[in-house]
Amino acid sequence: MTPTVSIQHLFKSYGDKAVLNDISLDVFPGQIIGYIGPNGAGKSTTVKILTGLIPDFEGSVTINGLDLREHPLEIKRMIGYIPENAEIYDVLTPMEYLQFIGRLYDLSADTVRERAEQMLAAFGLKDVLDQRMDTFSKGMKQKVLITSGLLHNPSLIVLDEPLSGLDANAVIVMKEIMSRLAREGKTLFYCSHMMDVVEKVSDRIMLINRGRIIADGAFEELRKNSGDSLEKIFAQLTGETNLEGEADKFVNAFES
Amino acid sequence: MNKLILRLVMAFKGLYRGMGVDAGQLEAILQVKLTMDDRRPRNVFGRNQPQRKKVIRNATLGTVITSLVLGCVYLYFFFLSQDYLTAFTLYFLMFMVMLSITLISDFTDVLIDVKDNYIILPRPVNARTILMARLLHILIHLCRIVVPMMLPGLVYVSIQTGVPGALLFCLDVALATLVCIFAINAVYLVILRVTTVERFKDIIGVVQILFSILVFATYYLGPRLAANLVLAKSSIIGHPWFYPAPPLWLAALWEVLRHPAGQIPLLYMLAAAGAILPPLCIWVVIRFLAPSFDRKLGGLGSGGSGAAPSKGRSVRRGASYRSVSHWVTRGNTESTGFDIAWLLSGRSRDFKLKVYPSFAYVLVYFFYYVFIGKDKVSIADKWNHLNETHMYILLIYFSSFAMISAISNLVYSDKYKASWVYYVSPVKVPGEILVGAVKAMLVKYFIPFYAMVSILAFYIWGIGVLPDLVLGLVNVTWFGLLMGFMRLKKFPFSATPNIQAGSGRFIQGLLIIAVPGLVGFGHYLIRSTLPSISTWLIWLFTVLSVILAWLIYGRYREVSWAELEKASAEF
């Protein structure tokens with residue numbers, strides 16, 4: 001089986017600071033990858049390389065058998081990207097925005113309307129389809145953003161902290177959407193700091209630290225070697241075993 | 001109108017396809033960009049009015065109409081001078097200054113929309129389509145300003161000189177536009193070269209401040225200076241310091257092409273400069289500036305995300321304002337208000353954009369009133385007789401408008417929501433914070449400015465105006481406090497700039513402007529009608545003003561939570 005994503009010896013540095021240091025991984029259809037790591041570990045950089053936002057890197061990246069450098073447009077067509085910082089043209093209405101995105105993927109206006117109405121209705125946004133988004137809350141914008149990333153039925157979906165700002169019901173809907181999409185054979189690349197969600201949603205977890213993969217496997221496998229929750233595993237593998245001590249320092253600041 | 005423009009632009013589909021551009025995507029991007037332009041508040045002209053309507057629908061129509069009106073205003077120069085060379089030079093001077101200002105503030109939004117990097121770049125759109133969309137967007141934007149702005153001039157010129165003159169005029173406008181594009185590109189590039197990407201928008205903000213002062217000055221003083229110019233010499237060609245100015249080249253080009261024979265050699269040289277230099281400038285832009293510009297802009301997006309190591313701006317600890325704060329404030333709450341107003345006013349781009357120019361406007365107004373007058377007295381003469389007048393009183397009281405502007409803008413901020421901290425913290429008397437903030441405005445902005453004004457006054461009128469300046473300072477201080485007491489019952493930087501001002505507040509605003517006017521008039525009466533005892537009277541009034549200032553200060557400092565709430569209900 002060809003892997004959906006195949007990264008071989010990926011290096012990336014800004015100036016003399018190495019951000020990614022020899023990353024290699026293969027991801028297969030139907031998998032949900034939980035991609036985790038401390039702040040500044042290189043998660044976002046990996047995602048940006050995958051989605052074509054950062055074109056210069058060392059190593060090779062192939063997606064569905066196509067080389068990222070040689071076929072950037074074909075690859076972008078297969079990827080759905082839901083970025084972390086909710087950048088959106090918020091003077092537009094959700095419908096206008098999604099029509100715009102749809103046209104960039106050559107979808108017909110009717111298809112876009114049908115899909116958008118159905119998808120946003122699932123998130124409870126049916127009544128605000130034609131209102132400008134500048135009055136929307138963070139969660140509402142996030143719902144539109146998620147829809148805009150899935151609109152063209154991508155086979156690889158890259159999600160960067162997709163649940164931020166969502167209300168509890170929407171979180172349940174979104175988790176369900178993710179596992180359904182995986183069951184249909186799509187590949188999900190899920191970056192998050194919410195360990196409890198990653199633990200439940202992903203069937204394979206990759207932990208990176210300082211630009212290297214330091215753990216790779218199903219949650220059950222990781223549990224055998226380290227702690228009992230993903231939080232503990234995370235702390236142990238990233239070398240922060242004395243977090244209680246850090247908390248002590250924080251609280252003790254009152255006394256000095 | 002957008003539909004029409006879009007259809008016009010998309011008429012060349014075949015051409016775009018030949019260049020490797022995806023026409024469908026191009027149309028989609030342009031359509032969205034034009035829609036967004038319509039909904040974005042305009043920068044240059046719309047900045048000072050509070051936004052009446054919350055929903056902005058046809059912002060571009062506003063731009064078109066404003067440009068058209070400005071185009072009519074420029075016709076003034078054709079009536080001012082019968083000499084076409086002079087008239088055209090002044091016309092193009094205004095035309096180019098205005099065009100550059102509009103573009104420089106709008107280009108920040110158009111070109112530096114970092115969102116594009118997140119929204120369009122991950123989609124299957126090729127680089128040529130993106131580049132073409134950007135170029136066409138700029139072109140459409142440019143036409144929406146240039147075409148209506150030149151229209152009145154074009155009509156006038158074609159009536160006066162017929163079709164050939166009108167065609168030459170169009171050529172001149174095209175060249176003028178090229179020069180403006182070059183100037184803006186150069187400015188942007190220099191800024192990007194000397195600074196980091198993070199500071200770019202700050203510096204553009206400074207450029208905008210400088211430019212809005214320039215516009216204001218040109219509008220008030222330009223016609224008067226121009227009239228003076230025409231009064232002194234018959235043609236602009238008699239002023240050598242105008243030779244390096246592109247507007248003169250363009251005027252010369254028009255003149256030379258219209259009447260090719262029998263002109264003086266100098267004019268031929270200027271015309272040649274006008275014909276050759278603008279295309280050369282554009283060549284430089286395309287060849288050298290644009291590529292590195294795009295590279296820099298590319299870096300703009302990735303730098304902003306925090307992926308690249310970015311150097312944060314570090315701030316000195318224990319900065320000098322702390323010791324100032326210690327000297328002029330009483331109690332911890334008051335100095336908190338002082339500190340926050342001092343710090344935020346220096347870093348809020350919006351505040352600077354609105355307040356800094358008003359300090360310059362004071363001087364512009366002053367010179368406007370000094371030099372105004374229909375009588376045929378030259379500016380030099382007026383200047384020489386200035387020290388015999390009481391104009392310094394005008395200067396003193398005009399400067400109170402700068403103080404009022406600083407105080408009334410102190411409450412507005414885009415990040416107004418952050419002001420929740422005041423409400424959750426145990427502040428007993430909010431008036432202390434407000435007083436501290438007003439003191440910060442006084443110490444940070446007004447006193448240095450007033451010192452400058454004083455030096456100017458001493459230079460013109462001599463040391464004899466010292467009592468007047470002292471009285472003026474005390475008066476402006478209590479104007480500021482009164483203004484604060486009546487209108488600023490709100491924490492610094494705690495209100496959205498988009499709120500609507502009620503009619504009651506409008507009348508209040510008029511009253512506040514009337515107070516300095518009345519006091520200034522009284523001051524003037526004392527000086528002009530009672531010369532023998534006026535100095536004594538001035539000192540007497542200074543003492544009275546100090547007492548008044550002290551009373552208002554004490555009352556303002558006691559503003560309670562209840563009063564604050566009542567005021568915000570009226571807001």
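How many residues does the contact take from chain A and from chain B?

**Entry 1: conventions**

I note that this is a predicted model, in which local features need pLDDT of at least 70, side-chain atom pairs count only at pLDDT 80 or more, and totals for chains, interfaces and linings use all residues. Residues are numbered from 1 along each chain as its sequence is written, while chains are lettered from A and ligands numbered from 1 in the order in which they are written.

**Entry 2: the contact of chains A and B**

I looked up the contact and found 24 residues from chain A and 23 residues from chain B; two residues are in contact if their C-beta atoms, placed from the backbone, lie within 7 Å. On the side of chain A that touches chain B, the elements giving two or more residues are helix H1 (43-50), helix H2 (72-78) and helix H3 (94-104) of chain A. Helices (H or I, at least four residues) and strands (E, at least two) are DSSP runs, numbered from the N terminus. H3(A) gives the largest share of that side, four residues. I recorded the classes on this side of chain A as 12 nonpolar, four polar and eight charged. Ala, Val, Leu, Ile, Met, Phe, Trp, Tyr, Cys and Pro count as nonpolar, Asp, Glu, Lys and Arg as charged, and the others, Gly among them, as polar.

**Entry 3: chain A**

I find 10 helices and 10 strands in chain A. Of its 256 residues, 40% are buried, that is, with 20 or more other C-beta atoms within 10 Å of their own, C-beta atoms being placed from the backbone. I then traced an open sheet of four strands in chain A, ordered S2-S1-S4-S5 with antiparallel pairing; strands pair if DSSP finds at least two bridges between them. Strand S2 (17-27) and strand S5 (66-67) of chain A are the edge strands, each pairing on one side only. Eight bridges join strand S1 (residues 5-14) of chain A to S2(A), and Ser6(A) stands opposite Asp26(A) in S2(A).

**Entry 4: Ile145(B)**

I located Ile145(B) in helix H8 (residues 127-194) of chain B. Ile145(B) is buried because 22 other C-beta atoms lie within 10 Å. Apart from neighbours within four places in sequence, Ile145(B) is in contact with Thr63(B), Ser67(B), Leu99(B) and Thr102(B). I noted that Ser67(B) and Ile145(B) are 78 residues apart in sequence, yet 5.9 Å apart in space, C-alpha to C-alpha.

How values were computed. Buried ≥ 20, exposed ≤ 12 C-beta atoms within 10 Å, placed from the backbone.
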